[in-house]
Amino acid sequence: MEQKDNTSVFEQTEASRGEEAHHIKKKKHFWQYSMSLNIGLVIIVIVLIFAFFPQFIAPYEPNTSNPDAIMLAPSAEHLFGTDNYGRDIFSRVVWGTRIDVAMGIFAMIVPLIVGSIIGLIAGYYGGWIDTILMRILDVVMAFPFILMVIVIVAILGSGLMNMFIAIWLVAWRDYARLVRSEVMIAKHSEYVMAAKVLGYSEIRIILGHILPNVVNSAITFAAADIVMCMLTGASMSFLGLGVEPPTPEWGALISTGRPFMTQAWWMCTLPGVAICIAGVGFSLFGDGISDVLRAKSR
Amino acid sequence: MEPILEVKDLKTYFITKDSTAKAVDGVSFSVMPGETFGLVGESGCGKSATCRSILQLIHKPGRTVGGEVIYKGQNILDMPPAELRKIRGSEIGMIFQEPMTSLNPVLKIKEQIFENLKDKNLTKQQKHDRAIELLKLVGIPTPETRLDEYIHQYSGGMRQRAMIAIALAAEPKVLLADEPTTALDVTIQDQIIKLLGKLKTQLGMSIILITHDLGVVAQMCDYVAVMYAGHIVEKADTNTLLTAPRHPYTYGLIRSIPTGLEGSKKLESIEGMPPDLNNMPEGCPFAPRCKFKGELCTKVRPEMRKLGNGHEVACHYTEKLEGVSGLQSSEKKV
Amino acid sequence: MTQTTEKRMVVEVRDLKKCFPSKRTITDAIAKKPAQVLTAVDGVSLEIREGETLGLVGESGCGKSTLARTLLRLYEPDGGQIFFNGVDVTNMKGTELRKQRRDFQMIFQDPYSSLNPRKSVRATLEEALRVHNIIEPGPDQKERIERRIYTLLDLVGMNRNSIDRYPGEFSGGQRQRIGIARALAVNPSFIVADEPVSALDVSIQAQVLNLLTEIQAKENLAFLFISHDLRVVRLISHQVAVMYLGKVIEYAPTEDLYETPHHPYTQILMKAAPVLDATNRNRDYAIEGEPPSPLNLPTGCRFHPRCPYATDKCREEQPELREVAPGCKVACHYPLNLPEQK
């Protein structure tokens with residue numbers, strides 16, 4: 001009897017051996033998943049080189065004015081022309097990259113973490129915790145994003161740090177909502193029930209079993225959110241609520257160029273193009289990331 | 001008698017950049033008027049893809065790449081879209097496994113029946129009467145009030161009945177039924193099986209039943225085809241198929257169903273799994289799991305062989321199964 | 001089946017109840033409408049001994065899954081008592097309950113959602129082994145854990161080289177095997193299998209059923225096997241309980257129940273299952289209508305509105321579960337197939 005059982009188990013192992021080969025997926029390199037990821041990555045790498053090594057790329061000092069070269073049109077000497085103080089705009093754009101990229105990333109990262117934690121707690125525990133957190137969220141949701149940021153900066157006073165705080169206070173809402181809804185689905189799945197049956201602690205279930213399954217959508221959103229945060233930072237600086245002049249920052253550059261629109265179009269247009277390219281780069285990257293994550297999760 | 005629907009060498013492939021899944025690979029069968037034809041197989045064997053190909057309801061990347069579907073002497077696959085639309089619903093109707101997803105949740109049941117009525121020139125009153133008649137036909141109590149309800153207000157079995165009523169509004173000659181009882185409880189499944197049987201005789205239509213459940217086949221079908229990995233491996237009338245199967249897969253399938261009389265014995269199971277449709281083995285698709293396989297099986301794909309009495313089988317060594325009974329004789333008692 | 005008394009009792013459930021209050025809207029609360037209560041499990045008692053399988057049959061909504069989950073303490077019971085190996089776990093909480101849990105495990109219905117898609121087979125099994133310290137800590141713990149995982153994979157008939165694969169790479173049947181391995185990892189004495197084969201194809205279903213029987217014989221496990229498929233239950237169970245609207249209406253050794261069903265509902269269920277014989281077709285419905293809503297239970301016997309034999313007594317008085325033949329209990333005023341009727 002005992003022996004019989006053993007052989008049949010062995011047979012099954014044998015039988016499944018041949019079949020498993022069909023189920024191995026062909027391993028793909030990450031660049032084979034998505035074209036937009038590749039283009040996005042190329043742009044981001046260039047932007048990051050600008051951000052990390054402006055001193056090697058910028059031909060001039062960004063803040064040194066030159067009375068002999070005021071408002072020159074773009075030329076080989078001054079790629080993007082010069083401004084009303086004779087500063088080289090290309091150099092200012094290059095130096096500005098660092099601030100704008102940093103704004104995008106720092107402004108995104110804190111809400112990503114805080115918002116995800118809030119979403120996890122609200123979604124997993126439900127009940128009155130969920131109700132309280134979601135009512136706070138509703139209040140934050142009720143106002144347009146940029147308006148909330150402006151109001152908070154107006155209260156705290158302008159400046160880079162205050163602007164970050166303002167964005168952090170508002171941006172968590174999207175992550176919290178996104179993660180919460182995914183947690184609500186995941187917590188009823190059978191693998192979470194299996195974890196409970198196995199007697200795992202709640203911390204283990206939340207961090208080890210639910211989080212890895214809900215974090216994808218938050219990451220995808222974060223990749224696109226970098227653009228949003230960058231644009232918010234630039235807008236705030238444009239309005240004079242973010243980075244103080246003369247620090248080179250794209251939004252501030254556009255702002256200083258605005259009065260000279262008719263005489264010197266390059267002063268606001270070309271920094272605008274820089275924002276545009278960086279924005280498209282990060283958007284494509286975000287898009288690509290979601291493609292890859294989707295393909296991986298299959 | 002002429003068949004009402006004939007499928008000849010149908011091929012539907014799912015073609016992507018990396019691979020071609022041959023979901024339906026040379027399927028042929030014919031359905032007689034007034035007959036219930038069963039298409040049986042396990043998930044992924046291509047039975048649903050066959051059914052959908054008949055009405056050209058295959059989504060990309062699926063594509064019917066070959067074969068013919070002859071309905072009343074015309075090849076449906078060659079028809080321009082406008083004519084195909086006339087066939088769909090009105091000549092060949094379809095019911096699904098899940099009424100909740102296949103019926104429109106924001107339209108009242110009566111609106112969905114009206115929309116589907118064969119005679120488009122009826123007055124409002126006539127339409128209403130016809131709708132009540134249909135609901136009565138499928139056994140929905142108090143049809144007058146239920147007409148104005150939405151699908152979510154119906155209970156499980158009633159939803160299935162409403163879906164059948166809507167399909168019947170067009171008075172189809174052929175009804176494609178894709179796993180119509182799979183999601184139901186046994187007692188409700190029993191009611192739907194018997195309802196479909198009754199309607200078939202009453203309305204004189206043919207039914208093509210797609211199912212994985214041989215019990216449902218035994219209770220409903222006149223003629224059965226068994227599908228495996230995109231191919232039909234055996235065709236016979238229901239009784240012959242169940243009592244004297246001649247394909248090892250059919251035999252294994254029947255033997256895998258517990259009859260409850262095995263006692264402490266083990267169930268006979270088919271070891272292994274169906275092949276990957278992207279990567280079909282050479283020769284007979286069932287060979288890797290077959291207990292009876294011989295030398296030819298891994299090399300040559302078997303053709304359909306006629307055994308007489310409409311019994312056809314695609315197996316090189318079908319004589320090995322001669323005299324082997326599919327059913328365990330005492331099964332009838334359960 | 002009479003020698004069962006020698007075997008150790010693993011699970012004992014007495015008069016278990018589980019209710020779900022339906023959500024009240026604010027307007028209902030203002031209008032002081034009482035909250036509706038859905039009694040999903042209403043006073044169920046069960047006993048399962050080691051090496052035995054209790055089959056639990058019923059239609060959807062009869063409360064069989066709720067019963068299983070309440071008995072595993074995934075839902076808080078609203079009444080009754082649950083004993084595992086003589087220990088009362090009804091009111092156990094926190095760490096104590098979590099430690100106790102290794103004794104009773106579950107196999108799930110849907111092989112596609114019951115495994116964490118982000119964990120490899122190794123990670124899934126290793127986590128279970130580590131959390132419950134199944135493998136004692138020591139210098140070669142890692143190797144011993146791996147050896148244990150290989151043993152588990154052998155036991156459920158999985159290839160050893162699937163250890164580092166993810167659930168997405170397996171078919172339904174193989175996933176179900178991994179789910180079984182996960183349940184076995186912590187050496188339980190009792191396993192609830194909630195429709196473990198109903199999502200699988202027939203040929204795969206037979207493999208998994210054989211595997212379950214084999215494992216039960218080897219490990220001397222107690223099983224609660226939930227299914228809507230009467231044939232499968234007959235194959236695998238020693239005892240069968242039939243549920244209807246939250247109550248057990250018949251409870252008997254398998255062969256007695258199938259040969260001589262005493263409750264009209266049991267008889268109807270058997271009649272409704274499609275017979276695998278084309279020459280034996282029955283044109284009549286086994287039963288008309290559908291079960292009533294559990295929110296709105298009929299008075300008296302819950303089955304009386306659909307019962308072909310119902311009398312006034314059935315409409316008024318709820319029948320108790322009582323023994324009508326040795327080991328056979330039925331909740332019906334007029335049981336069928338009684339010995340003296342034959």
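Which residue is the bridge partner of B:Ile70 in strand 5 of chain B? It's B:Asn75. Keep in mind while looking around that this is a predicted model.

## The sheet in chain B

That pair belongs to a bigger picture. Strand 4 and strand 5 of chain B run antiparallel and are joined by 2 bridges. Both sit in an open sheet of 4 strands, which goes in the order 2-1-4-5 with antiparallel pairing. Strand 2 (20-31) and strand 5 (74-75) of chain B are the edge strands; each has a single partner strand, so one side of each has no neighbour in the sheet. As background, strands of a sheet pair through backbone hydrogen bonds, in either a parallel or an antiparallel way.

## Where chain B meets chain C

On the chain B side, 40 residues are in contact with 35 residues of chain C. Five helices of chain B each put in at least two residues on that side: helix 7 (156-168), helix 8 (186-203), helix 9 (214-220), helix 10 (238-243) and helix 11 (248-256). Helix 8 of chain B gives the most, with 7 residues.

Most residues other than glycine have a negative phi, and most peptide bonds are trans. A few spots here go the other way. The peptide bond from B:Lys60 to B:Pro61 is cis, with omega near 0°. B:Pro61 is in the loop between helix 1 (47-54) and strand 4 (62-71) of chain B, and that strand 4 is the one bridged to strand 5 of chain B.

Then there are two non-glycine residues with positive phi. For B:Thr142 the value is near 45°; this threonine is in the loop between helix 5 (124-137) and helix 6 (143-146) of chain B. With 18 C-beta neighbours inside 10 Å, C:Asn337 comes out as partly exposed.

## A helix in chain A

Over in chain A, helix 6 (residues 145-156) has 12 residues. From first C-alpha to last, helix 6 of chain A reaches 17 Å, close to the 16 Å expected at 1.5 Å a residue. Just after this helix, A:Gly157 takes a positive phi of about 100°.

Key. Residues are numbered from 1 along each chain as its sequence is written. Chains are lettered from A and ligands numbered from 1 in the order in which they are written. This is a predicted model: local features need pLDDT of at least 70, side-chain atom pairs count only at pLDDT 80 or more; totals for chains, interfaces and linings use all residues. Two residues are in contact if their C-beta atoms, placed from the backbone, lie within 7 Å. A residue is buried if 20 or more other C-beta atoms lie within 10 Å of its own, exposed if 12 or fewer, and partly exposed in between; C-beta atoms are placed from the backbone. The expected span of a helix is 1.5 Å times one less than its number of residues. Two strands pair if DSSP finds at least two bridges between them.
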